[in-house]
Amino acid sequence: MGHHSTQAGLSAFFRARWIGLVSVERLFWVDMVLVGTLINLATSFAALIALGLKWPLWAWVGVYLSPLAYNLFLVAALWRACD
């Protein structure tokens, strides 16, 4: 039951942003600036640790680029909300 509610919560999160149920201000300031910056900092730090641990190139680049899909989604959602 916990997995289903988490999946439903994530689905609702992305759906609300995609169809414009979230205000432009919240989407920009909270989701992009605050949360997005924290996620990007965390993955950059994790990639530096992976590099220091001599992980293979593909692994630490993958860690570094992991938030890219989320960032692109937020940009597209903001773009749609501003239309």
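**Entry 1: a leucine and its helix**

In which helix is the place of leucine 51? I looked it up in the model, which is a predicted one, and found leucine 51 in helix α2. Its relative accessible area is 38%, so I wrote leucine 51 down as partly exposed, a class that lies between the 20% and 50% cut-offs.

**Entry 2: the inventory of elements**

I then listed the secondary structure, and the protein came out with 4 helices and 0 strands, which read along the sequence as α-α-α-α.

**Entry 3: α2 against α3**

On the α2 side I found Thr43, Ser44, Ala46, Ala47, Ala50 and Leu51 making the contact, while α3 brings Trp60, Val63 and Tyr64 to it. Sorted by class, this contact of α2 with α3 has 7 nonpolar and 2 polar residues, and I found no charged residues there.

I looked next at the loop between α2 and α3, where lysine 54 lies. Lysine 54 has a positive phi of about 60°, although it is not a glycine. With a relative accessible area of 72%, lysine 54 is exposed.

In helix α3 I also picked out alanine 59. Alanine 59 counts as buried because its relative accessibility is 13%, under the 20% cut-off.

**Entry 4: α2 against α4**

Helix α4 covers residues 68-82, and its axis and that of α2 come within 10 Å and cross at roughly 170°. I therefore recorded α2 and α4, too, as roughly antiparallel to each other. The contact is made on α2 by Val24, Leu27, Phe28, Asp31, Met32, Val35, Ile39 and Asn40, and on α4 by Tyr70, Asn71, Leu74, Val75, Ala77, Leu78, Ala81 and Cys82. I noted the classes in the contact of α2 with α4 as 13 nonpolar, 2 polar and 1 charged.

Within α4 I followed leucine 78, which counts as buried at 15% relative accessibility. Not counting residues up to four places away in sequence, leucine 78 touches Val24, Leu27, Phe28 and Met32. I also took its separation from glutamine 7, which is 71 residues away along the chain, and found 23 Å between the C-alpha atoms.

Is arginine 17 buried or exposed? Arginine 17 lies in helix α1, residues 2-18, and at 7% relative accessibility this arginine counts as buried. Leaving aside its neighbours within four places in sequence, I found arginine 17 in contact with Val22, Arg26, Leu27, Asp31, Phe73 and Ala77.

Arginine 15 also lies in helix α1, but at 53% relative accessibility arginine 15 counts as exposed. I checked arginine 15 against alanine 77, and although 62 residues separate them in sequence, their C-alpha atoms are 9.7 Å apart in space.

**Entry 5: the whole chain**

Last, I turned to the overall dimensions. The radius of gyration of the protein is 15 Å, whereas a compact globule of 83 residues would have one near 12 Å. I noted that the C-alpha atoms fill a box of roughly 45 × 35 × 20 Å, taken along the principal axes. Buried residues make up 19% of the 83 residues, and the accessible surface comes to about 6,100 Å², of which 74% belongs to carbon and sulfur atoms. Among contacts between residues at least 6 apart in sequence, I recorded that 64% join residues at least 24 apart.

Technical notes
Residues numbered from 1 in each chain as written. Predicted model: local features only at pLDDT ≥ 70, side-chain atom pairs only at ≥ 80, totals over all residues. Heavy atoms only, no water. Helix = DSSP H or I, 4+ residues; strand = E, 2+ residues; numbered from the N terminus. Rg over C-alpha atoms; globule rule 2.2 N^0.38 Å. Buried < 20%, exposed > 50% of the residue type's maximum accessible area, 1.4 Å probe, protein only. Contact = heavy atoms within 4.5 Å. Areas by Shrake-Rupley, 256 points an atom, 1.4 Å probe, with all protein chains shown as cover. Nonpolar A, V, L, I, M, F, W, Y, C, P; charged D, E, K, R; others polar. Axes fitted to C-alpha atoms, helices over the stretch in contact; angles between N-to-C directions. Parallel < 35°, antiparallel > 145°, perpendicular 65-115°, else oblique.
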